[in-house]
Amino acid sequence: MSDIKEHSSARLLVEGNDDFHVVHNLCSTFSVDVRNRENKRGGQFSIKDCKGITNLLPMIPIELELLDVIGIIIDADNDSNTNWAAVRNVFKKEGYDLPEKLDSNGCICETKGNKIGVWIMPNNNEKGMLENFIAMLIDENDTLLPKAEQIVAEIEKENLQKYKDTYHPKALIYTWLAWQESPGTPMGQAITKKYLNPENKEICDRFVNWINQLFIENRDKPY
């Protein structure tokens, strides 16, 4: 590993644009010191949109050369264990031994001079994706979500949908978002517009704690 690290030596790698904006806006909501996305200054860490997991995984060895702290967020899709194994294998090839089992609060470990964190959406132990996580931030008494669930279920029962089965969570969330005050608001903006309520949500508490433990706690200087 190179002894020369770039100035921004703490970074979170995410799969896509939605992940990027959701994480940024959650950090803003909970006053987590993330690098400003407009002027790219300040903050304890930056976020990088890797434009897909097929691009993210090959970036890990490169980022390990540059970073002191590296975080990774990917979707579980059909099986969180399979995608966790894929991440572990990339690190193993670089000489990093991550735990065999992913903790429900996310992985954080320090090895070979690096601090490494992994979170698999939605909650580290269930299949799903970012949209499943977002659904957990909808108020329990929300009246539109049951209607959205009903409509999507009816369409799928009649086989009218064009999307594949694994995209059910996407169809549900985007249907729900289409009925908000500003129809079609992206998930990240839905946080700032208060359509979603991350406050006092157990899954959000765990996620923000993971971010803080990985990037903020025990840091003696900004990166």
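In the predicted model, helix α2 (residues 53-66) lies across β1 (10-14), β2, β3 and β5 and runs at about 170° to β3, where axes are lines fitted to C-alpha atoms, for helices over the stretch in contact, and angles run from 0 to 180 degrees between N-to-C directions. Helices (H or I, at least four residues) and strands (E, at least two) are DSSP runs numbered from the N terminus, and contact means heavy atoms within 4.5 Å. Helix α8 (residues 202-216) lies across β1, β3, β4 and β5, running at about 165° to β5.

The 5 strands form an open sheet in the order β2-β1-β3-β5-β4, with mixed pairing, two strands being paired if DSSP finds at least two bridges between them. Because β2 (46-49) and β4 (107-111) stand at the edges with a single partner strand each, one side of each is left without a neighbour in the sheet. Strands β3 (residues 69-75) and β5 (residues 114-121) run parallel and are joined by 7 bridges.

Within helix α2 is found Glu63, which is buried, with a relative accessible area of 2% (buried means under 20%, with a 1.4 Å probe and protein chains only). Leaving aside neighbours within four places in sequence, Glu63 is in contact with Arg11, Leu13, Lys48 and Ile70.

Residues are numbered from 1 along each chain as its sequence is written, and side-chain values use heavy atoms, with hydrogens and water left out. As this is a predicted model, local features need pLDDT of at least 70 and side-chain atom pairs count only at pLDDT 80 or more, whereas totals for chains, interfaces and linings use all residues.

Conventions: Buried < 20%, exposed > 50% of the residue type's maximum accessible area, 1.4 Å probe, protein only.
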